[in-house]
Amino acid sequence: MMRLNRPRWSSLVWRITLLCVVVLFHNSVVHGNDEIASESQPAEDAELYVTPKVDPKRMYFAEHFDDLYEDNDVEKRWVKSQAKKDDASDEVAKYDGEWAVEQPQRPILANDYGLVLKSKAKHAAIASHLLLNRPFVFDDKPLVVQYEVNLQEGQECGGSYIKLLSVGDGTKDLKQFHDKTPYTIMFGPDKCGNDIKLHFIFRHVNPINGSITEKHCNKQKDRLDDPFKDKRPHLYQLIIRPDNTYTIRVDHKTVNEGSLLTNFTPAVNPPAEIDDPEDRKPENWDDREKIPDPEATKPDDWNEEEPAQIADPKATKPSGWLDDVEEMVPDSAAVKPADWDNDMDGEWEPPLIPNPLCEKAVGCGLWKAPMVANPNYKGKWRPPLIANVNYQGKWAPRKIPNPDFFEDLTPFRMTPIAAVGFEIWSMSNDILFDNIVICDDEAVADEWAAQTFDLKVKTLDRQAQTLWDRAMRYINYKPAYWGAYFVYCSIPLIAYVWFLWSRRDSQETFVSRVLKYCNSNPWMWAVLVVVVGLPVAIMIYFMCFAKTNAKAEVGRRKKTDDYPAPEDEQDDGEADDEVRSTKTTLNAAAVPASGGSRSASSAGEAYPEDDDDVEHEGDEADEDDEEEAQEEPQPAVASEEDASSSDAPVDSKNAEGGEGLKKRKARKD
């Protein structure tokens with residue numbers, strides 16, 4: 001047999017293998033006629049993010065954390081608790097959980113930061129007052145609460161809910177914030193083991209005696225498993241309306257809705273009547289619906305002694321059965337242990353083993369017929385049941401008026417809210433909170449989500465279109481799984497190489513030996529295809545042909561109409577820095593609601609506390625926008641086109657403008 005050229009063949013194999021690996025993990029995926037690069041699209045979406053602007057006139061609370069990263073000063077607007085739990089030992093009573101402002105472990109948008117709980121298995125609490133210290137009063141407008149949670153390490157046991165703290169003495173000093181601090185609403189996800197909850201609890205004040213009772217919302221129909229294991233940001237939104245209805249949404253999808261009057265446990269209003277605690281069941285009360293027939297007698301042929309099973313009378317002993325041979329015999333090879341003491345352990349006997357003679361025979365030992373059901377078996381006789389002529393029905397105590405009865409038809413009017421806080425305990429660390437909004441207009445919350453959460457989802461969906469990111473998504477971003485996968489793939493290869501090496505010939509190369517053996521045994525080609533090709537085919541299938549998010553399949557037009565911030569806005573931001581409040585102002589950047597062209601304000605722009613100044617500056621900006629809109633109508637049209645092609649969900653109210661919403665026109669350079 002002609003000897004193969006080993007160097008040329010080995011070099012070709014390695015080149016082909018390397019080329020396949022490069023193409024597999026670094027080429028982009030083609031959808032229709034559009035090709036999505038693995039780096040261009042995420043970078044493009046990241047550049048579109050601009051810190052949303054906080055308007056105290058439209059929001060009671062808004063926090064994006066972006067401007068707190070530079071100095072890592074979370075206590076600039078938030079207060080860490082220094083309290084202790086009353087019902088715990090000193091080792092675990094302290095609220096010593098660590099908080100920090102960081103980017104996500106897997107960065108999504110440039111310059112986007114959040115509040116991260118760094119520690120686990122510790123009590124952690126942090127809170128912040130509402131903007132301008134203006135409480136939210138439940139009057140004639142709805143309450144909208146919205147925030148993001150990213151369980152970056154998953155969640156096995158712990159909560160990530162938010163508390164809306166009540167107005168009163170308990171919220172004056174947030175350093176004493178603890179689990180007993182009065183709150184009005186608690187909302188958010190919680191999990192421990194297999195018990196998954198999405199809390200919505202509100203504290204109801206009894207209008208008669210002033211006592212407070214927690215009312216728990218009924219559980220949603222569908223389980224929410226993904227937010228606790230997919231390590232992606234999720235948006236939680238609660239809306240409570242003056243007509244006592246509520247809606248809970250997760251990632252813009254309604255998961256629970258109902259009424260404060262009917263969907264909570266215990267109910268808001270107690271029953272009008274209750275059982276009389278003094279009423280007792282009479283001794284002669286007969287509540288037996290049926291009784292044994294007193295006139296029935298047992299039949300004469302009823303034999304209660306008959307067994308349920310008897311030996312089969314038709315069975316016969318098989319021929320060749322060894323009656324005189326024991327089933328178990330002493331082990332002749334057993335040896336008495338050296339430390340055996342007859343006085344302490346008794347007389348030693350070898351252990352019993354199955355008799356070797358029984359293995360070749362039909363059976364041995366005492367033969368017994370198999371058991372069958374006894375046709376004469378009837379069991380214990382009992383008289384039949386008949387209707388009870390003295391039956392008086394099921395007894396129940398009489399009803400009396402409830403002395404604690406009240407009727408509250410407006411449970412929406414809860415205790416006013418003064419602050420926002422996180423008071424949690426978790427067995428997972430690196431829980432990230434971001435983009436907290438409290439307002440009275442759904443359109444305002446949807447506008448904020450469009451500038452933050454929707455942009456993150458859009459970026460993640462586009463990243464998932466590449467083979468590498470899709471593969472990482474399926475292994476949940478744990479590279480150790482790749483090691484296990486390649487070990488699995490390498491075991492049959494190593495075994496096969498060892499098998500061929502054991503049959504090596506000094507005159508042949510390794511490749512020639514493989515070809516020689518496979519040619520002499522054609523079935524080995526099928527084994528190679530199945531053992532080696534199957535794992536690779538499975539991996540390629542999951543990365544290339546798995547279902548993808550439908551939102552990422554459309555609207556991949558590259559945005560080119562981004563405009564720099566106008567000079568007058570930058571000047572306004574510098575002037576506002578001089579009057580910025582240290583507690584209630586936030587650095588932000590203005591982003592139009594259309595999602596198309598965006599005007600970025602300076603990082604130091606803040607909110608003035610003087611309402612007159614805010615209105616005056618807003619009027620001047622509107623006049624400038626109107627003049628430029630008349631002169632330059634084309635950028636506005638481009639903005640609308642981009643908004644229609646955006647993948648992010650757009651609320652109809654937000655698209656029409658909403659109450660009090662302002663859109664800035666795009667400006668020329």
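Q: Okay, in β16, which residue is the bridge partner of Tyr-246?
A: The bridge partner of Tyr-246 there is Gly-258. Before we go on, this is a predicted model, where local features need pLDDT of at least 70, side-chain atom pairs count only at pLDDT 80 or more, and totals for chains, interfaces and linings use all residues. Residues are numbered from 1 along each chain as its sequence is written, and side-chain values use heavy atoms, with hydrogens and water left out.

Q: How many bridges are there between β15 and β16?
A: Six, with β15 and strand β16 (residues 253-259) pairing in the antiparallel sense. Strands here are DSSP runs of E, at least two residues, and helices are runs of H or I, at least four, numbered from the N terminus. Two strands pair if DSSP finds at least two bridges between them.

Q: What does the turn between β15 and β16 look like?
A: They form a hairpin with two residues between the strands, and Asp-251 in the turn has a positive phi of about 55 degrees.

Q: And which way do β14 and β15 run?
A: Antiparallel, with five bridges joining strand β14 (residues 234-240) to β15. Gln-237 stands opposite Arg-249 in β15. That hairpin has four residues between the strands, and Asn-244 takes a positive phi near 75 degrees.

Q: How many residues of β3 are buried?
A: Five of the five, so β3 is largely enclosed by the rest of the structure. β3 also pairs with strand β27 (residues 431-439) in the antiparallel sense over four bridges, and Ala-62 stands opposite Val-437 in β27.

Q: Switching to aromatics: how many pairs does a search of the whole structure find?
A: The search finds 19 aromatic pairs. Rings of Phe, Tyr and Trp (its six-membered ring) pair if their centres lie within 6.5 Å; planes under 30 degrees apart count as stacked, over 60 as edge-to-face and the rest as tilted. For Trp-78 and Phe-422, the centres are 6.2 Å apart and the planes at 25 degrees, so the pair is stacked.

Q: Where do Trp-78 and Phe-422 sit in the chain?
A: Trp-78 is in the loop between β3 (59-63) and β4 (79-80), while Phe-422 is in strand β26 (residues 417-426), 344 residues apart. Both are buried.

Q: What about Phe-200 and Phe-264, why are they edge-to-face?
A: Their ring centres are 5.2 Å apart and the planes sit at 85 degrees, so the pair counts as edge-to-face. Phe-200 is in strand β12 (residues 195-205) and Phe-264 in strand β17 (residues 264-265), so the pair ties together parts 64 residues apart in sequence.

Q: How many residues does the largest nonpolar core have?
A: It has 63, and Trp-78, Phe-200 and Phe-422 are among those with the most contacts inside it. A nonpolar core is a set of buried Ala, Val, Leu, Ile, Met, Phe, Trp, Tyr and Cys residues joined through side-chain atoms within 4.5 Å.

Q: Last one: where is Thr-171?
A: Thr-171 is in the loop between β10 (162-166) and β11 (183-192). At 4% relative accessibility, Thr-171 counts as buried.

Conventions
Buried < 20%, exposed > 50% of the residue type's maximum accessible area, 1.4 Å probe, protein only.
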